[in-house]
Amino acid sequence: MSTVSKTMYKPLSLAMSVLGGVVAGMVFKQVWKRIGDDDDKAPDAKDLGRSAREVLIAAAVHGAVFGLVKAAIDRAGAHGYRALAHEDPT
């Protein structure tokens with residue numbers, strides 16, 4: 001990747017990362033509404049009123065959703081960049 005390409009790709013990559021974080025947060029909230037017990041809000045790790053099992057399940061689902069969304073957004077951004085610049089962003 002040339003210096004000009006790197007300079008062009010960095011802002012795009014940063015914007016895609018921010019967008020990915022926002023999308024992942026929204027997806028996780030929807031997923032948790034469907035699998036959570038009584039509360040629509042995922043339990044906080046410091047909330048001792050919630051069971052350790054529930055907190056750990058929420059953390060695992062949260063990590064899986066964020067990882068999946070991040071990979072999908074990064075992949076789509078790389079494909080889009082390649083379509084515009086005719087070179088890979090690696």
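Student: Okay, so a crossing of two helices is called left-handed if the near helix is turned anticlockwise from the far one by less than a right angle, and right-handed if clockwise. Which hand does the crossing of α1 and α2 have?

Tutor: In this predicted model, helix α1 passes helix α2 in a right-handed crossing. The axes of α1 and α2 come within 8 Å and cross at roughly 145°.

Student: What classes of residue make up the contact of α1 with α2?

Tutor: Counted by class, the contact of α1 with α2 has 20 nonpolar residues, together with 7 polar and 2 charged ones.

Student: How many helices and strands are there in the chain?

Tutor: The chain has 2 helices and 0 strands.

Student: And what's in the largest nonpolar core?

Tutor: The largest nonpolar core has 8 residues, and they are Ala24, Phe28, Trp32, Ala58, Val61, Val65, Val69 and Ile73. The elements that give two or more residues to this core are α1, which runs over 3-35, and α2, which runs over 52-85.

Student: Which one gives the most to it?

Tutor: Helix α2 gives the most to this core, with 5 residues. As general background, nonpolar side chains in soluble globular proteins tend to be buried together.

Student: How much of the chain counts as buried?

Tutor: Of the 90 residues of the chain, 21% count as buried.

Student: Switching to the overall form, what is the radius of gyration of the chain, and what would a compact globule have?

Tutor: The chain has a radius of gyration of 18 Å, whereas a compact globule of 90 residues would have one near 12 Å. Along its principal axes, the C-alpha trace of the chain spans about 55 × 20 × 15 Å.

Student: What share of the contacts join residues at least 24 apart?

Tutor: If you take the contacts in the chain between residues at least 6 apart in sequence, 60% of them join residues at least 24 apart.

Student: Can we look at single residues? Is Leu14 buried or exposed?

Tutor: Leu14, which lies in helix α1, counts as exposed because its relative accessibility is 57%, and the cut-off for exposed is over 50%. The C-alpha atoms of Leu14 and Tyr81 are separated by 13 Å, although these residues are 67 residues apart along the chain.

Student: What about Glu54, buried or exposed?

Tutor: Glu54 lies in helix α2 and counts as buried, because its relative accessibility is 12% and buried means under 20%. Leaving aside residues up to four places away in sequence, Glu54 touches Trp32, Asp37 and Pro43, and Trp32 is also one of the residues of the largest nonpolar core.

Student: Where is Asp74 found?

Tutor: Asp74 is found in helix α2 and counts as partly exposed, at 29% relative accessibility. Asp74 and Val23 are 51 residues apart in sequence, and from C-alpha to C-alpha they are 13 Å apart in space.

Student: And how far is Ala85 from Ala58?

Tutor: The C-alpha atoms of Ala85 and Ala58 are separated by 40 Å, with the two residues 27 residues apart along the chain. Ala85 is found in helix α2, and Ala85 is partly exposed, with a relative accessible area of 24%.

Student: Last one, what is phi of His86?

Tutor: Phi of His86 is near 60°, which is a positive value in a residue other than glycine. His86 is found in the segment after α2, and at 70% relative accessibility His86 counts as exposed.

Terms used. Residues numbered from 1 in each chain as written. Predicted model: local features only at pLDDT ≥ 70, side-chain atom pairs only at ≥ 80, totals over all residues. Heavy atoms only, no water. Core = buried A, V, L, I, M, F, W, Y, C linked by side-chain atoms within 4.5 Å. Buried < 20%, exposed > 50% of the residue type's maximum accessible area, 1.4 Å probe, protein only. Helix = DSSP H or I, 4+ residues; strand = E, 2+ residues; numbered from the N terminus. Axes fitted to C-alpha atoms, helices over the stretch in contact; angles between N-to-C directions. Nonpolar A, V, L, I, M, F, W, Y, C, P; charged D, E, K, R; others polar. Rg over C-alpha atoms; globule rule 2.2 N^0.38 Å. Contact = heavy atoms within 4.5 Å.
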